[in-house]
Amino acid sequence: DGPSVAIVGATGAVGQEFLRVITARDFPYRSLRLLASERSAGKRIDFEGRGYTVQDLAAPGAFEGIDIALFSAGGGVSRAHAPAAVASGAVVVDNSSAYRMDPDVPLVIPEVNPEAMADVRLGKGAIVANPNCSTIICLMAVTPLHRHAKVKRMVVSTYQAASGAGAAAMEELKLQTQEVLEGKPPTCNIFSQQYAFNIFSHNAPIVENGYNEEEMKMVKETRKIWNDKDVRVTATCIRVPTMRAHAESVNLQFEKPLDEDTAREILRAAPGVTISDDRAANRFPTPLEVSDKDDVSVGRIRQDLSQDDNRGLELFVCGDQIRKGAALNAVQIAEMLLK
Ligand code: A2P
Ligand code: 11C
């Protein structure tokens, strides 16, 4: 029993994580179809005791009989193929940026705004968008506080892992690290500059206002998810040589006062959030600690001393970019469709 599920981009970093999350959560499925590019067509993937042959997404009938299609093969692939999936009656959960800002497409973090997808039904073709990983990780920690004291302004600085740029970027980081240690010139295929032992501004293109696209996604997606077009958000997104979890420094300005003890209490009760805030031991969230974990981890919770009347807080958040930033969030959306 359960829905028939297709995974688009099944050979990629997020695609492989979909499979792990499906197993971890015991997601019920009637059948599974693994789709990727023609490069991978014919490749065998063993999953839960069965062998699957990867199929070419572009072959006719790729979505025939599919109830839920989990897409993670980039925006171009989603734009090219999600309409066909919808036309054949599937609900597409799209991990790309292609449809996020479409007013007819819900942009959903299940712990934050499940109500946005109230009209989406299994059996009726539709798209639900998964937010950008940096947005998800940030809003998992900030939304519970926002509900309490209303965020007026949010300043985010990110420290983003290789996985955000795909499996090949993770391989490039490993290879470069080895090359640099051996005194060889680093191979730069995915990124245009040395990544190992370096940090640089996020590789997303810079737009007209000087921000890069990753930063603008955080701005626009936050407004849509919170349904608050007035909230002020600014971000600086940086790539750091970690493997699969993003870190973010978040500065908040609230409409109402919020002291740090109350903030800690609120976060302790928040689903999908763990607190790691040991001042005595100087131990706080790290990308390594949250890797392969479902929860985002929050620490460095402190009053912003530059703001009056307890109107400001500082936080440091880490989250597994492939897990909650992508695959887990999408599978949670799929689970909501089964309710
Ligand atoms: P393939 O392995 O056949 O190239 P990652 O983000 O880790 O780089 O993974 C990208 C995923 O998207 C892979 O599964 C990749 O398949 C898939 N993909 C990329 N381009 C296409 C395409 N044009 N059609 C179908 N799948 C694609
Ligand atoms: C990163 N978040 O970490 C990016 C990549 O809009 O889904 C994913 C871009 C997106 O590099």
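A polar contact is a pair of N or O atoms within 3.5 Å; within protein, one atom must be able to donate a hydrogen and the other to accept it, and residues adjacent in sequence count only if both atoms are side-chain atoms. The structure is a predicted model, in which local features need pLDDT of at least 70 and side-chain atom pairs count only at pLDDT 80 or more, while totals for chains, interfaces and linings use all residues. Residues are numbered from 1 along each chain as its sequence is written, chains are lettered from A and ligands numbered from 1 in the order in which they are written, and side-chain values use heavy atoms, with hydrogens and water left out.

The description begins with ligand 1. Around ligand 1 there are 15 residues, of which Thr11, Ala13, Ser37, Arg39 and Ser40 come nearest; a residue is near a molecule or strand if one of its heavy atoms lies within 4 Å of it. An N or O atom in the side chain of Arg39 is 2.8 Å from an oxygen atom of ligand 1. A polar side-chain atom of Thr11 lies 2.5 Å from an oxygen atom of this ligand, and a polar backbone atom of Gly12 is 3.0 Å from an oxygen atom of ligand 1. Taken alone, ligand 1 exposes 570 Å², and the protein buries 68% of that; accessible areas come from the Shrake-Rupley method with a 1.4 Å probe, and for residues only the protein chains shown count as cover.

Ligand 2 has its own surroundings, including Asn95, Ser97, Arg100, Cys133, Glu214, Lys217, Arg239 and His246. A polar side-chain atom of His202 lies 2.8 Å from an oxygen atom of ligand 2. For Gln160 the corresponding distance from a polar side-chain atom to an oxygen atom of ligand 2 is 2.9 Å, and for Asn132 it is 3.2 Å. Ligand 2 on its own exposes 320 Å², of which the protein buries 85%.

The strands come next. Helices (H or I, at least four residues) and strands (E, at least two) are DSSP runs, numbered from the N terminus, and two strands pair if DSSP finds at least two bridges between them.

Elsewhere, β7 and β8 pair in the parallel sense over four bridges, and Val93 has Val128 in β8 as its bridge partner. Ala98 is placed in the loop between β7 (91–94) and β8 (126–129), where Ala98 touches Gly75, Ser78 and Arg79, not counting residues up to four places away in sequence.

Finally, Arg323 lies in helix α8 (residues 323–338). Arg323 counts as buried because its relative accessibility is 13%; buried means under 20% relative accessible area, exposed over 50%, and partly exposed in between (1.4 Å probe, protein chains only). Among the residues that Arg323 touches are Glu17, Arg244, Asp292 and Asp294.

Methods
Contact = heavy atoms within 4.5 Å.
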